[in-house]
Amino acid sequence: MRKDLVFGMAGSGGDGIVSAGDSLLQAAAAEGYHGVMTKSFGSQIRGGESSCRVRISTTPILNPGGNLDVAVALNWDDFLKFGAELPVSGNTVVIYEAATKILEADIPLVGVTPLQVIAVPIAEMAKATAGTERAKNTVVLGLIAGWFGIGAVAVMKGIRKKLAKKGEELVDANQRAFDAGRAFAMEHPLKVSMNVAASATKGQVKLITDGNDMCAAAAIFAGCRFFGGYPITPSTEVMQFFTDHVWKYNGAVLQAEDEIAGIGAAVGASFAGTKAMTATSGPGLSLKSEMMGLASIAELPLVIVDVQRGGPSTGLPTKTEQSDLFAAAFSAHGDVIRPVLAPTSVADTFRITIEAFNIAEYYQTPVIVLSDQEIASRKETLDPIDTSQFKIINRVVPTGTDLVDYKRFKQTDNHISPISHPGMLGGTYLASGIEHVESGAPTNSGSVHQRMNDKRTKKFDPLKERKDLFEVTGNPDAPIAILAWGSVAGVCREALEMAQAEGINVKLMVPYLLYPVAEGIYNEFFRSVQRGLIVEQTHLAQTFKLLRMHIDLPKGVQSLARSGANPFLPTDIVEALHRLLSELQRSHEGQLQPQE
Amino acid sequence: MSATCEYQAKDYKSDLKPIWCPGCGDFSVVQGIYRALAAIGRPPHEIAFVSGIGCSSRIPGYTTAYGFNSVHGRSLPIAQGIKLANPDLLVLAAGGDGDGFSIGGGHIAHLIRRNMDITYIVMDNQIYGLTKGQLSPTSQKGRTTCTSRYGSLEEPVNPLLYVLAYGAGFVAQASPTDLAGMAATIEEAIRYPGFAFVNIQSPCVTYGEEAQQIKGLKAISENLTALGHNPADRLAAMDLAQHYGQKLHLGVFYRNPEPAPTYDGLVRERQALLSKDAPPAENILDLFIKK
Amino acid sequence: MTTRGIDYASLSLKDALDLAVLIEEEAQERYEDFAAQMEQHRTPEAATFFRLMAQNEAKHGEELAARRSSLFGTEPKAVTREMIYDIEAPDFDAARAFMSPRQAMKAALASEVKAHAFFVAALPALKDAGVKALFEELRDEEVHHTNLVTAELAKLPPDSGLSDEDFVDEPAAQ
């Protein structure tokens, strides 16, 4: 019995492949499995190629997985368009639509011989049982239940619930299609059984959600009561979740006329004393940068979620990348420190988003949550989260003596000044983008500018000591290291386990705080390191360069960077580690050999 | 509204010294605002006054209200965020013609269709003063400035017609030729329950043309009440507004006799409706439970 | 120069005195405002002159207020500041950067002339004899002030005839 299976399915939008993936994930959750589902699309709004990847496991999942165990191609043109996003290996069972008229020996996968290839008359079975070819996805779910033992009961239970309102006839048609798929699988057993073991947590409550919904829910949990934004893929669902729920908590949403107005309204709401946020993707981040500068100099708390996609410009709007790192750290003019945090999964998006609000409120600053398309749109099953462990921090407001001759930007020991808001008697002041003295009155004095820049940058010093915003796993004294953030971190976590199982002495750092760069924490991590990999989905190795800008990385630390939509597999990382290991061994041998 | 009458104009004047050139029309506008606020009587700390960038956008700092001198062209989005976060506040926005009708021109239409209870005062001087006299969106065609040595090639924006066309519920014009009238107009704008727009012809003494100084303005000004204009008549208002640039009509062009519901009011209604029986925010993750 | 809602025919002496006080108050405030603008813009001579004008207006205002109070005590006012605008106060744009004392005086002179015109224009409509007498008195005072300022002007050395704009710095872009 296997503990883990990775499905990859592709077809055209009309094939309902993503909807099948959803059903599979929900059924897996109902049966107690851990699951992760990612989606990837072509550029058409309807009817373009679409794919999903569902990984199901009896143990917690670190990433969407590497090579597929099961590949489902409803047509080969669409499947092949996803390239490295749906990698087939010698251990993959390939299931495809027989109506493609391609012989099993002739499938268009170059340079690989799958474990088994099965042509299934999926469309024909759908037509025969449900009366429409559109039921192909239900047939596929039946095949999966039959061959891999997942969802035999739960899939139809889910479909029944989903379609109950639409009538018995539709439900029955789906049931017949599902049964036909399952019967086909039973009649054609796999050469090697690939059934997944039953989950030990069957019957326990599971949560299912994606990164965008999780981010919005975390914001509401953290006390955010205002969202100003503009639709942009792949971040729009954050705003949608807000419009569904925030009114219940006396909050409001403004779908603004543009990206600038969206963040502007959030800046206004924050000035008025309300926790506020906006969400966007690359092009929107560029438009918002002037307002981010304003929030920094006016010292107003604000959270900006940037769900990264391939860039620059429109780039790859439906695919993931990490290339907004420089923009997140450095956009906006002037000398500014603006904290940047990055979640690595749907689950930790909850914690990181709350952290972003806490940092924004405590330090009175805009904070960027640097999510990415993969985390934002992937669905994960989660065990219930104990929310009582999360502390909520609110901005410090002036009281009593602070309000006698109140100075909004008063110099204090920790450089943080109590902040009033309209409605508060005694707290009136002028907020401004222009440089100001402690009272808020405008100035163009160089010495005040120097002092205020000191205040606005030094206040972040304690943030750079926050070890809890860095995850270090593996042997702390290991000579080999991996560093990765965001959705790439999960791949590296799995690679670490694989490398450790091989006996490689390696450690992994996952920073949740990307900016300001915590020099001390990195220096400590790299002290033992002779060889290392900075793994990232950026073409220019932005993370590697950002770190080199701030710290002296050991010479043997290298960049492993590639453009977005070219995902890393855990095996890619392990291969690179092998290379580092042999380099390390050679250099040791070199040191041992006497020089001639 | 906790309207009281115990405030005087001077209670709204701050200690900051204006950076405006001597004789600037904006000195009159700030006086007009002090008087209007005193007439309304809201305490300064219940007022949020937002501006963009430009000479006139310095104005919030010269009042004792909560001020926000923000970035160029963006006073209106910020004002809307403030109003939605706390609808009890009296929210004012102000700026120049460039701030409002060039860089920030896209925002006005959307604020108008949302009809938030915000009063927007534009100090219209047909020039960019802070950057030393460039062409502005309301500069006359043919005007010579340092960015139009051989004369402007474009027609000016007509601010009055612009906001009337988008459906603003309250549209008025004022000028320093009549401070009491200006104060009364601003007061009426603030009292109007919804978006209100006041265009103030505020001469630039440094870069403005002679015809746009007070003497010139007096020569072309006409009081709308004296003309017998009915401010409930939107089409008549649009007809009069067409003379922007040639005539200076002072007073209320249009006041919707049946003010539409405001966005901020509707938000409150929605909050009241949906917050009843809402599960606590601490349990928000329950939404994701799959049984 | 604007008025609204003043019915000259029915103007009582109390109202007329109150109106006169308001006119002086308005002028005083405007001159103070101008003085502050001049101080802010490094033009101390003009600032000093405008302060002096503010003090004069204040003095006249106080004298008129004293007369009002001796005649009518604390009877409530029937006229408001909203009824008058720019009667004796110089126009808002009469101030200019780097005003010479001569230019400042000319601005003041123009407002005295303006005030004089106001009283002259109002006289024919007045019915009450006491009010008429007051307005005539105020009209004549404006003539007196005009003469005083003209005399002061004459004492000043003549302007060079050169434009200030040829000497001062250009405005600074912000």
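A residue counts as buried here if 20 or more other C-beta atoms lie within 10 Å of its own, as exposed if 12 or fewer do, and as partly exposed in between, with C-beta atoms placed from the backbone. Everything below comes from a predicted model, in which local features need pLDDT of at least 70, side-chain atom pairs count only at pLDDT 80 or more, and totals for chains, interfaces and linings use all residues. Residues are numbered from 1 along each chain as its sequence is written, while chains are lettered from A and ligands numbered from 1 in the order in which they are written.

**View 1. Helix H17 of chain A and what it packs on.** Helices (H or I, at least four residues) and strands (E, at least two) are DSSP runs, numbered from the N terminus. H17(A) covers residues 542-550, and Gln542(A), Thr543(A), Phe544(A), Leu546(A) and Leu547(A) are buried. Those buried residues pack against helices H11 (325-330) and H16 (519-526), plus strands E20 (531-536) and E21 (557-561), of chain A. Contact, here and below, means C-beta atoms, placed from the backbone, within 7 Å.

**View 2. Strand E18 of chain A, covered on both faces.** Six of the six residues in E18(A), 506-511, are buried. In a regular strand the side chains alternate between the two faces of the sheet. On one side of E18(A) sit Val506(A), Leu508(A) and Val510(A), and on the other Lys507(A), Met509(A) and Pro511(A).

**View 3. The neighbours of E18(A).** Strands pair if DSSP finds at least two bridges between them. Strand E16 (residues 470-474) of chain A runs antiparallel to E18(A), joined by five bridges; Phe470(A) has Pro511(A) as its bridge partner. Strand E17 (residues 480-483) of chain A pairs with E18(A) in the parallel sense over four bridges, and here Ile480(A) is partnered with Val506(A).

View 4. Nine strands form an open, mixed sheet in the order E6(A)-E5(A)-E4(A)-E1(A)-E3(A)-E2(A)-E14(A)-E7(A)-E9(B). Its edges are E6 (116-120) of chain A and E9 (289-290) of chain B, each pairing on one side only. Helix H12 (residues 346-363) of chain A packs on the sheet, touching E7 (206-210) and E14 of chain A, and its direction makes about 85° with that of E14(A) (axes are lines fitted to C-alpha atoms, for helices over the stretch in contact, and angles run from 0 to 180 degrees between N-to-C directions). Where the chains meet, two bridges join E7(A) to E9(B), which run antiparallel, with Lys206(A) partnered with Lys290(B).

**View 5. Chain B against chain C.** Here 20 residues of chain B are in contact with 20 residues of chain C. On the chain B side, helices H1 (26-40) and H6 (179-191) are the elements that give two or more residues, and H6(B) gives the most, with three. That side divides into 11 nonpolar, six polar and three charged residues; Ala, Val, Leu, Ile, Met, Phe, Trp, Tyr, Cys and Pro count as nonpolar, Asp, Glu, Lys and Arg as charged, and the others, Gly among them, as polar. Chains A and C share no contact, and their closest C-alpha atoms lie 10 Å apart.

Conventions:
Contact = placed C-beta atoms within 7 Å.
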